[in-house]
2 protein chains.
Amino acid sequence: MNLLLLSNSSSDAGYLVHALDWIRPLVPAPAAGPAVFVPFAGVTRTWDAYEALVAQAMAPLGCELRSLHRAADARAELARAALVIVGGGNTFNLLHHVRRLGLLEPLRARVRDHGLPYLGWSAGANLACPTIRTTNDMPIIDPAGFDALGLVPWQINAHYTDAHPPGHRGETRRQRLAEFCQVNPDTPVLGLPEGTGLRIEGAAASLLGHADAYLFRGQSAPQALPPGRLELPV
Amino acid sequence: MNLLLLSNSSSDAGYLVHALDWIRPLVPAPAAGPAVFVPFAGVTRTWDAYEALVAQAMAPLGCELRSLHRAADARAELARAALVIVGGGNTFNLLHHVRRLGLLEPLRARVRDHGLPYLGWSAGANLACPTIRTTNDMPIIDPAGFDALGLVPWQINAHYTDAHPPGHRGETRRQRLAEFCQVNPDTPVLGLPEGTGLRIEGAAASLLGHADAYLFRGQSAPQALPPGRLELPV
């Protein structure tokens with residue numbers, strides 16, 4: 001497989017700027033086929049506006065985008081894609097629309113079995129996991145099941161932080177993930193801090209960026225994983 | 001109806017201490033029937049430990065608790081209850097078990113149609129809403145549908161805050177609720193800050209505590225609602 005799963009899209013440098021060098025190897029030659037954008041995690045921005053934002057961000061890579069929401073036949077569009085880009089936003093909205101359009105299985109097959117490069121950030125990284133059970137998003141719409149693409153055998157928690165606003169009595173992220181691990185003891189979760197990403201090439205996984213990721217599994221204490229090659233099954 | 005829906009359980013004063021005076025009017029006379037505790041939002045604490053914690057907190061009110069997880073017949077136990085207490089934790093776990101035990105409809109009927117007093121905090125306040133779509137919790141388990149008790153016609157967002165840890169690129173709470181309102185424009189949401197609660201008596205709703213709540217609806221700017229009688233339909 002050929003995946004790049006980012007914790008986040010924006011930084012002080014601008015939209016996707018921190019990740020452009022990581023994205024470059026996934027960008028297809030123009031003749032290979034279109035780079036297809038999946039905008040369905042977008043809720044408060046329109047899908048047209050989301051497409052324009054990402055198209056502008058990817059322009060330095062010579063990558064031309066076609067957003068799936070404008071395709072007359074989304075499945076046919078996906079079949080032609082030479083790169084699929086799944087943007088962040090609300091994970092429930094993303095899964096709802098991907099499922100509604102019948103794209104879950106064809107997307108899984110093209111990426112897992114036929115090597116279609118997959119770029120996703122935030123909700124788009126969650127979608128690559130077995131389920132969306134480790135999203136931070138509000139369940140604003142019922143996606144009719146939490147199963148997702150299952151491209152990797154573990155979960156991602158994007159925007160990972162253990163910060164806690166003073167006076168707040170709600171759960172910390174670490175507490176939320178401990179709840180996940182209590183109910184799902186056999187599924188590891190990788191907490192990806194802002195500015196980091198996961199590169200999957202074939203069966204090898206590497207952590208990109210300048211911060212440690214954290215591996216949560218069952219009742220074990222979270223394990224810090226430094227950038228570089230990860231000993232995770234893919 | 002006779003409801004008390006709290007944003008949170010714990011404060012610097014201790015567990016439920018800030019709310020004891022609000023809870024007092026709901027506590028039944030000992031002969032009226034048991035106060036039944038619903039512990040299913042608890043995930044990382046055992047239900048036995050959760051029952052003990054809440055029993056101790058309620059002891060000053062002369063209220064004896066029976067936790068539903070120890071009942072041989074949960075529906076029969078609920079039918080005898082003179083007060084139902086739904087604790088916080090993970091809303092998905094709570095709804096999953098309430099639905100699994102077939103308690104959603106009987107609980108709704110007893111509270112809505114027969115005046116059973118209902119005390120809930122955090123996830124237990126979410127459960128009183130039409131759906132759990134405004135929970136802050138991680139979807140660690142699929143509850144097989146987001147519909148909840150529907151005791152009130154609007155949504156609650158517990159632990160409401162607009163704080164944002166520095167450097168965090170994820171959504172603020174206000175952004176998350178704006179996403180909810182985009183997808184569900186006809187459903188108002190009441191953001192309840194820490195230390196506040198909602199008292200519903202008959203068709204009258206009041207905000208308890210010392211902070212404003214915030215009403216979110218469609219594309220309107222959030223509206224601050226001061227403590228006291230609320231102009232909300234019940």
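A:R176 and B:D137 join their side chains in a salt bridge, 3.4 Å from N to O; the term covers a side-chain nitrogen of Lys or Arg within 4 Å of a carboxyl oxygen of Asp or Glu. Keep in mind that this is a predicted model, where local features need pLDDT of at least 70, side-chain atom pairs count only at pLDDT 80 or more, and totals for chains, interfaces and linings use all residues. Residues are numbered from 1 along each chain as its sequence is written, chains are lettered from A and ligands numbered from 1 in the order in which they are written, and side-chain values use heavy atoms, with hydrogens and water left out.

Across the interface of chain A and chain B, the rule finds two salt bridges. Ten residue pairs are in polar contact between these chains, both residues at pLDDT 80 or more. (A polar contact is a pair of N or O atoms within 3.5 Å; within protein, one must be able to donate a hydrogen and the other to accept it, and residues adjacent in sequence count only if both atoms are side-chain atoms.)

On the side of chain A that touches chain B, the elements giving two or more residues are β2 (10-11), α4 (91-100), β8 (155-160) and α7 (173-183). Helices (H or I, at least four residues) and strands (E, at least two) are DSSP runs, numbered from the N terminus. α7(A) gives the most, with eight residues.

Contact (heavy atoms within 4.5 Å) takes in 44 residues from chain A and 44 residues from chain B. Together the two chains bury about 3,500 Å², 60% of it on carbon and sulfur atoms; that is accessible area (1.4 Å probe) lost on putting the two parts together, summed over both.

Now for the sheets. Chain A has an open sheet of eight strands with mixed pairing, in the order β5-β4-β6-β7-β1-β10-β11-β14. Two strands pair if DSSP finds at least two bridges between them. At the edges stand β5 (65-67) and β14 (228-230) of chain A, each with a single partner strand, so one side of each is left without a neighbour in the sheet.

Here are some antiparallel pairs from both chains:

| Strand pair | Bridges |
|---|---|
| β11(A) and β14(A) | three bridges |
| β10(B) and β11(B) | five bridges |
| β11(B) and β14(B) | three bridges |

In chain A, A:L207 has A:G228 in β14(A) as its bridge partner. Over in chain B, β10(B) and β11(B) form a hairpin with two residues between them, and B:G202 in the turn has a positive phi of about 60°. B:E201 is bridged to B:A204 in β11(B), while B:A205 stands opposite B:L230 in β14(B).
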